[in-house]
Amino acid sequence: MVVAARKGRATASPLGSSPLAMATTAQPGFLSGWFGHIPLPKWALIAVAVAVAVLLLLFLICIIRCCCGKKKHKKKERVTLHAVSSSTTASLVQPEVEDLEEGTEQTGRGKLQYSLEYNFRRQELKVGVKQAAELKAMDSGGTSDPYVIVYLTSDTKKKYETKVYRKTLNPVFNESFTFQIAQAEVPESTLVMQIYDFNRFSKHDIIGEVLLPLASVSLQHVIEQWSDLSVASKVEEEQLGEICFSLRYVPSTGKLTVLILEAKNLKRMDSNGLSDPFVKVHLILNRKKWKKKMTSVKKNTLSPYFNEVFVFEVPFNQIQNVDVVISVWDHDKVTKNEPIGKLFLGCRATGNQLRHWSDVLSNPRRPLAQWHSLQPPEVVDKALGLKSHLKLPRPPR
């Protein structure tokens, strides 16, 4: 019986196991039961687990590389600053900042092809602006809107402009301009050809220029050549200011709307260093004064804001014969009002003024605003060539 009791305890011991043994044997059953609720085969679950593990590993590697990269970059910056602070070593291995800037400006501006022909009998210099190549990109899109301004240093008031070519670094101009210059003045004059990047709502940026002293070339025959663009000379003629206005033309009603918006950087006309500007808008028909309107006067300012609109009735059959003259004046109570600057738009205009006018006519019923640089009044008046009113003869006595 003793033997039987011992055998009974020996066989009963596995059934009456401890709680720990029950927990260890129950866990596989729980996991297998949990996985059993997922409607996927085991090989798919294993593949998902492997993919998650790989992604976690890649994520950790990226974090480690980013942290290490930032630490190295900061260390490099500290070394550079330390090197700059040491004047002895920096002067030996590092050029001056001004030299670096000048070297950067001198390169990569492009080149210009032009021609020269002097007519000794007529005392005329004919300048041909052919094309440009590899211009510096001035716009965010990696292109420019180039045009060329041509003038002689002997007469800086007379300037010519080519058409604007949109979104190109290799424009083909093929335009020619004629200057009246005496043979004795030729050696003392320099031909200036400046390439600008056109901007409708801001100041035009200069890309580069070509300065050609006429004393250094032989005008006995026609010259055609390429020249690299250089940095524009810092010495410029007196700036008269800029004005922004909008034009809108409706052919069906024959209404031309002129909105004078604002001006800036006007020439100082008064003793206090300011001006009292106002704007006149003239319509010229067939080179004769036709209609006129003017804005209010803005006191003591060089950057007036007007926002004044004028409407003119211009029949569609006359729009090609009309010039719009915009002039800025300085008001004076005691003496006569003085003109600050002028410009005109129309089919006889050139450069940006012609471009603005063409855009207005090709986009009817759409207002188009643009900034323009003011020009000397006498230059504009000469270009307009206004006809004086005919005087009736006095009756005989």
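1. How many of the 8 residues of strand β15 (residues 338–345) are buried? In this predicted model, 6 of the 8 are buried, so strand β15 is largely enclosed by the rest of the structure.

2. The partner to consider alongside β15 is strand β14, which spans residues 322–330. These two strands run antiparallel and are joined by 7 bridges, and within the pairing V325 stands opposite F344, a residue of β15.

3. Because its relative accessibility is 10%, and buried means under 20% relative accessible area, S115 counts as buried. When its neighbours within four places in sequence are left aside, S115 is in contact with K126, V127, G128 and K130, and also with I223 and E224.

4. Turning to the chain as a whole, the protein chain has 7 helices and 16 strands. Among the contacts in the protein chain with a separation of 6 or more, 64% are accounted for by residues 24 or more positions apart.

5. As for burial and surface, 34% of the 397 residues of the protein chain count as buried. The protein chain exposes about 25,300 Å², and 58% of that area is supplied by carbon and sulfur atoms.

Note on methods
Residues are numbered from 1 along each chain as its sequence is written. This is a predicted model: local features need pLDDT of at least 70, side-chain atom pairs count only at pLDDT 80 or more; totals for chains, interfaces and linings use all residues. Side-chain values use heavy atoms; hydrogens and water are left out. Buried means under 20% relative accessible area, exposed over 50%, partly exposed in between (1.4 Å probe, protein chains only). Contact means heavy atoms within 4.5 Å. Helices (H or I, at least four residues) and strands (E, at least two) are DSSP runs, numbered from the N terminus. Two strands pair if DSSP finds at least two bridges between them. Accessible areas come from the Shrake-Rupley method with a 1.4 Å probe; for residues, only the protein chains shown count as cover.
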